[in-house]
Amino acid sequence: MNSAELDWSNLGFGYIPTDYNIRCNFKDGKWGEIEVCSSETINMHMAATALHYGQEIFEGLKAFRGKDGKIRIFRLEANAERIRKSAIGIKMEPVPVELFKKMAIMAVKLNERFVPPYGSGASLYIRPIELGMTAGIGVKPSKEYLFMIMVSPVGPYFKEGFKPTNICIMREFDRVAPKGTGRWKVGGNYAASLTAGERAHELGYSAVLYLDPREKRYLDECGPANFFAIKNGRYITPASESILPSVTNDSLQQIARDFGIEVEARQITVEELSEIEEAAACGTAAVASPVAEIDDLDTGMKYVISKNGEPGEITTKLYNQLRAIQNGEVEDIHGWNTIVE
Ligand code: PLP
Ligand code: COI
């Protein structure tokens, strides 16, 4: 792929081949040498645990070309720590934080020509994955692992970008179990979300707003993103053990506090949706995607959040500040960016 041919401002959220991916194998009880690879395929045993029993975890983070021309990776450390939690959660070998960081920086540097220009709205999505590689038929953890990082230039996750979209509540499917793998970034969670997600898309919704899988009383996650709302000027977001702790949500909460906005991470009932002023899905891919309307498909209730079809004022302010930090337009007071020298 010739990066000069890419229409940076009109990229979608899809896979675009780049020059290199970075790999490291865990074997005989230790991590080996870092390998730079230009092949897009991997060679694995047909009986690998990743294939049969879902020992697969991943991460998602982004690198941005700043106003000053420098490349910044947003919250590298937080993602390095989260994949360790995912690994421990499903009995995989945790990748050392320093190894993760080194490989991510290499992946960005070696594919520098694919980092979209400042002002295009696009970014370089960094996708680390870890796979259980040991061949076996018995249900037990692998002894060998492959950790690799691929990258791809991306535009907005929802094609509408920062335009409010409609989402729906559907009780027929759960993404995760109450004390299951939702808090970790495990591939199987996404397989479990496909049927509901596709049904929502067919009905014209951008995502499913899942309810807590135990009682179906409280809000949980919004498709592949966290959910937040503004109520009485406060930032409220669901707290639950089945939710993936979003780094974007954490960042937006901090930005909200920096602006003097109070933050509440707590259980939020479905009924409370009639009392909110703004809502959005947030995540690395979604950034902050404002919500226009939430339709409860089971009760027929329609919660109109954006009366004029525009993003809410506070959501816009938080979104702009997050983007400004990522693009190096304002001071990075929390030390979230790693500059790729
Ligand atoms: N929730 C789920 C299920 C996700 O897949 C993601 C995406 O990573 C998020 C939340 C948002 O997390 P983050 O902001 O760390 O990307
Ligand atoms: C992300 O926001 O990074 C995600 O992982 C969401 C999705 C593309 C799986």
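First, the ground rules. This is a predicted model: local features need pLDDT of at least 70, side-chain atom pairs count only at pLDDT 80 or more, and totals for chains, interfaces and linings use all residues. Residues are numbered from 1 along each chain as its sequence is written, chains are lettered from A and ligands numbered from 1 in the order in which they are written, and side-chain values use heavy atoms, with hydrogens and water left out.

Let's start with space. Rolling a probe the size of a water molecule over the atoms shows where empty space is left. We work on a 1 Å grid over the protein atoms alone. A cavity is a set of points where a 1.4 Å probe fits but cannot get out. A pocket is an open set with protein on both sides within 12 Å along at least five of seven lines. Lining residues have an atom within 4 Å of a point. Grid points are joined across faces, edges and corners, and a volume is the space filled by probe spheres set on the points.

Now the largest pocket. Its volume is about 860 Å³. It is lined by 41 residues, and Tyr157, Phe158, Gly223, Pro224 and Ala225 are the closest to its centre. By class, that lining has 18 nonpolar, 15 polar and eight charged residues. Here Ala, Val, Leu, Ile, Met, Phe, Trp, Tyr, Cys and Pro count as nonpolar, Asp, Glu, Lys and Arg as charged, and the others, Gly among them, as polar.

Which element gives the most to this lining? Helix 5, with four residues. Helices (H or I, at least four residues) and strands (E, at least two) are DSSP runs, numbered from the N terminus.

Next, the cavities. There are two of 30 Å³ or more. Strand 5 has the largest share, three residues. Six lining residues are nonpolar, six polar and two charged.

The second largest cavity holds about 50 Å³. Among its lining residues are Asp174, Arg175, Tyr210 and Glu221. Strand 10 (207-211) and strand 11 (219-222) each supply at least two. Four lining residues are nonpolar, one polar and four charged.

On to helix packing. Axes are lines fitted to C-alpha atoms, for helices over the stretch in contact, and angles run from 0 to 180 degrees between N-to-C directions. Contact means heavy atoms within 4.5 Å.

Helix 6 and helix 7 pack at about 110°, with axes 10 Å apart. So helix 6 is roughly perpendicular to helix 7. For the labels, under 35 degrees is roughly parallel, over 145 roughly antiparallel, 65 to 115 roughly perpendicular, and the rest oblique. Who meets whom? Thr248, Ser251, Leu252, Ile255 and Ala256 in helix 6 meet Leu318, Gln321, Leu322 and Ile325 in helix 7. That contact has six nonpolar, three polar and no charged residues.

Last pair. The axes of helix 2 (residues 76-89) and helix 3 (residues 97-110) come within 9 Å and cross at roughly 125°. Therefore helix 2 is oblique to helix 3. Residues in this contact include Leu76 and Ile83 of helix 2, and Phe100 and Ala104 of helix 3. By class, the contact has seven nonpolar, one polar and four charged residues.
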